[in-house]
Amino acid sequence: MKTINIWALCMVAIFVSFLGFVVENIWLAITKGYMDNRNMCLPFLMGYGMAMLLIFWILGTPEKPWLFGKSILIKNRILKRFLYFAGVMLCVCVGEILLGTFVEKTCHFYWWDYSLIPFHITRYTSIPTSTLFSVAVTFFMDIVLKPLYNFFQRWNSGFLKVAVVVLMVLMTGDFLYNAYKMYKTQGMVRRWRISVGIIGMMKGRGKDCCVRRG
């Protein structure tokens with residue numbers, strides 16, 4: 001991507017936001033036996049898309065890594081991907097700690113808590129979870145990003161711009177509205193929940209994942 005089509009890249013970020021919503025609900029369905037709205041009205045988790053853009057801006061891609069736009073000249077393919085993975089893992093750990101702490105200080109509840117997971121770093125990140133996230137991100141940036149970007153780049157430019165603007169406005173409004181709701185209620189914004197599988201039937205109306213501080 002020598003000359004970046006910002007509209008196509010933004011559409012990739014929108015797709016990643018939707019993918020984040022899907023992935024989180026699949027994880028919840030497997031581990032807790034339910035799916036829910038993930039604090040949003042729309043099926044998009046904007047943080048995932050913004051995180052993808054931020055990682056791309058900081059690290060580039062595993063094939064062509066850089067540091068804030070300055071190329072990292074490493075020829076060994078395995079070493080490039082390992083260093084990229086390490087960089088992503090650092091970003092994930094720092095990002096989770098900052099986000100979790102911000103929500104704790106402003107909304108006065110623990111959005112998630114990894115304290116029971118081995119090798120946790122604060123309650124908001126851990127080596128095992130960050131490793132899983134980083135493997136997924138590295139795979140996406142290495143294998144999926146370019147074909148997906150090329151797919152959106154082939155769209156009619158006028159339609160692509162309108163689609164990006166409309167979806168970004170909707171996602172941003174949804175995010176800000178529900179962030180305000182979380183701040184006011186000091187808890188998760190639950191609009192719907194569907195129990196799935198044996199775990200869901202056993203737990204029934206289980207408690208939310210969040211824990212009020214204090």
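## Fold order

From the N terminus on, the elements run α-β-α-β-β-α-β-β-β-α-α-β-α-β. That comes to six helices and eight strands. Both are DSSP runs numbered from the N terminus: helices are H or I with at least four residues, strands are E with at least two.

This is a predicted model, in which local features need pLDDT of at least 70, side-chain atom pairs count only at pLDDT 80 or more, and totals for chains, interfaces and linings use all residues. Residues are numbered from 1 along each chain as its sequence is written, and side-chain values use heavy atoms, with hydrogens and water left out.

## Overall dimensions

The C-alpha atoms fill a box of roughly 50 × 45 × 35 Å along the principal axes.

Contact means heavy atoms within 4.5 Å. Among contacts between residues at least 6 apart in sequence, 68% join residues at least 24 apart.

## Surface and charge

Of the 214 residues, 36% count as buried. Buried means under 20% relative accessible area, exposed over 50%, and partly exposed in between (1.4 Å probe, protein chains only). The protein exposes about 12,900 Å², and carbon and sulfur atoms supply 72% of that area. Areas come from the Shrake-Rupley method with a 1.4 Å probe; for residues, only the protein chains shown count as cover.

There are 24 positive and 9 negative side chains. The centres of the two sets lie 4 Å apart. Lys and Arg count as positive, Asp and Glu as negative; His and the chain ends are not counted. Each charge is placed at NZ of Lys, CZ of Arg, CG of Asp or CD of Glu.

## Thr125

Thr125 sits in strand 6 (residues 125–126). Its relative accessibility is 0%, so Thr125 counts as buried. The Thr125 side chain makes polar contacts with the side chains of Glu96 at 2.9 Å and Ser130 at 2.8 Å. A polar contact is a pair of N or O atoms within 3.5 Å; within protein, one must be able to donate a hydrogen and the other to accept it, and residues adjacent in sequence count only if both atoms are side-chain atoms.

Beyond neighbours within four places in sequence, Thr125 is also in contact with Cys93, Ile97, Tyr114 and His120.

## Met46

Met46 lies in helix 2 (residues 46–59). Met46 counts as buried because its relative accessibility is 14%. Not counting residues up to four places away, Met46 touches Ser17, Met171, Thr172 and Phe175. Met46 and Met171 are 125 residues apart in sequence, yet 6.6 Å apart in space, C-alpha to C-alpha.
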